[in-house]
Amino acid sequence: MAFLLYDTRLKQQIEFTPTKPSRVSIYNCGPTVYSTAHIGNFRSFLFADLLRRYFEYRGYQVTQVMNITDVGHLTEDNRADAGGEDKLQKTARELGWDPFKVARHFEDGFHADRRALGVKDAERYPRATDHIPEMLVQIQQLLDRGHAYIPENSGEVYYDISSFPAYGALSGKVVEDLEAGARVEVNQLKRHPADFALWKTDAGHLMQWDPHSDGTWSGYLSSSGAKERPALDPRIGKGFPGWHIECSAMSSRYLGEVFDIHTGGEDNIFPHHECEVAQAVGATGAEYARHWMHARHLLVNGRKMSKSEGTLYTLADLTERGYSPREVRYLLLANHYRQPMNFTLEGLDAARASIARLQNCHDLLVEGEPAPAAPELIEEMERVTAALEEGFGAALDDDLNASAALAHVFDFVGHVNRLKPTGRAATRALAALTACDAVLGVLRAGQSGVIAKEELEAQVGSAPAPAVALELLAAGALSVEDLKRVALARHAARKARDFAAADAIRDGLKALGVQFEDTPSGVRYKLP
RNA sequence: GGUGCGGUAGCCAAGUGGUUAGGCAAUGGUUUGCAAAACCAUCAUACACGGGUUCGAAUCCCGUCCGCACCUCCA
């Protein structure tokens, strides 16, 4: 089954064919580490994670690179506009920190949140500040090939968009229209208002590199592995890279001049990705990213996220409200990445209930009776399981239709709950569900179990008194042994029809987040 | 102003010409000492509004209203 993806550039779904069989190379636009990432950022990163996991599900070997932007994000003209300083520098000033400290701090925070959300590790997370030489090399290539110019005595380098007729092809923008829309003061150094900076100078900037010093180039290896340092135009001054050059330089470095898929948020389409294409194709003549995929922004409470309305949630904001990262993951993942999604706290509540239904089905399969299933049950489960595998895969093949994929999973869950498979049928069903969760990443193992009725019956004579069980609960942390003693105490109380004591024990467990369910085969516990 | 995307039952959300998407919530029932989980049933002949095309429209066309995005830092 082929993967149909919506390509931003072609504005249509196309059938994906990898450059190399069974291998796929992906570049994701990553975070600018000047503040804590919010759920809007994470929608985009979860989309990238879904794409990665989908390819792995389909048996591809994935090479994924996500950049960490830690320098160079500023507005159009930082000298004319007081609010237009580098975002890193602005935070550094506000916190009284070194900008590199700011970058590492928020980069660490990004990775912590990302892991909490179950976003798998990419192969690389290159930082812009670690790749200044690569950027300078590409800037020099652009100068050599007539795509860039250095305004007299400026030390700066600008991209000459008139030299690249395809500029605008990705985003569908027309250069003449851009000029009319420009609101900011036109930088007099530029030949055309829409030309953009590759290298900037600013004496006030705290992060600067001298292109001609040995320090800047220490440790640099060219793509051929040589230590050679290319001849650089001496007019390029001490400064810092422009906003877009890092991505074209780093993607080429780690994925090659041509790679399969480039992703980002929809706001990246223009100007960021448009400029990347101009840079990469201008520098090498190669095609660059073969496909572009962009996630739509999310809304909160039906409106654009807003700091003043308190809807610019970070993951920490939500965990403080009692929501778990996997609930956030589920909600952000359960919508089609290319549809606008509306994020609400009510949605998180619904996500919690949905996950519980999936988790419960999963756990019941894990705990399933070993008794062999009847042939007709095996046959029926085989049919249902095959339908899941077929439907789930087909939904994802269709431009990562996660909502449709989930519908197939829930159909399957309904069948499993009705059929109650055991033995081989259960094993087969569990394997299929687990395979789906390799993509979804919302289930957990080992958080539930059954204390068998036989075991409780056998030891009921030596059961602790209810008060002893309550003491154990009051002490907090419970081992599995503790849990068994508590279950035994409650079992004895129930048997003696002392339901008040039994319920007190259950309430005490609930306070610790542990749930007890009485089933015909014994006590089922669910850990928090 | 230009360009693009979207508005689907109480909520979230698939579906792009003809057969119940799915989840959550709510209500009733089965089960349970009571719960929980699960199952059954109802809410649901829903598709922003007004026209049009068609044997047939949530789906195509025209218009209107609303939301979002890019054009300007943003995932």
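Student: Are helices H12 and H13 roughly parallel or roughly antiparallel to each other?
Tutor: Helices here are DSSP runs (H or I, at least four residues; strands are E, at least two), numbered from the N terminus. The axes, lines fitted to C-alpha atoms over the stretch in contact, come within 7 Å and cross at roughly 170°. Angles run from 0 to 180 degrees between N-to-C directions; under 35 is roughly parallel, 65 to 115 roughly perpendicular, over 145 roughly antiparallel, the rest oblique. H12 and H13 are therefore roughly antiparallel.

Student: What kind of model is this?
Tutor: Residues are numbered from 1 along each chain, chains are lettered from A and ligands numbered from 1 as written, and side-chain values use heavy atoms, without hydrogens or water. Local features need pLDDT of at least 70 and side-chain atom pairs 80 or more, while totals for chains, interfaces and linings use all residues, since this is a predicted model.

Student: Which residues touch the most other members of the largest nonpolar core?
Tutor: Such a core joins buried (under 20% relative accessible area, 1.4 Å probe, protein chains only) Ala, Val, Leu, Ile, Met, Phe, Trp, Tyr and Cys through side-chain atoms within 4.5 Å. This core has 131 residues. The members that touch the most others are Phe-55 and Phe-343.

Student: What distance separates the centres of domain 1 and domain 3?
Tutor: An automatic or database assignment sets the bounds: domain 1 is 4–8 + 18–295 and domain 3 is 448–526. Taken over C-alpha atoms, their centres are separated by 58 Å.

Conventions
Buried means under 20% relative accessible area, exposed over 50%, partly exposed in between (1.4 Å probe, protein chains only).
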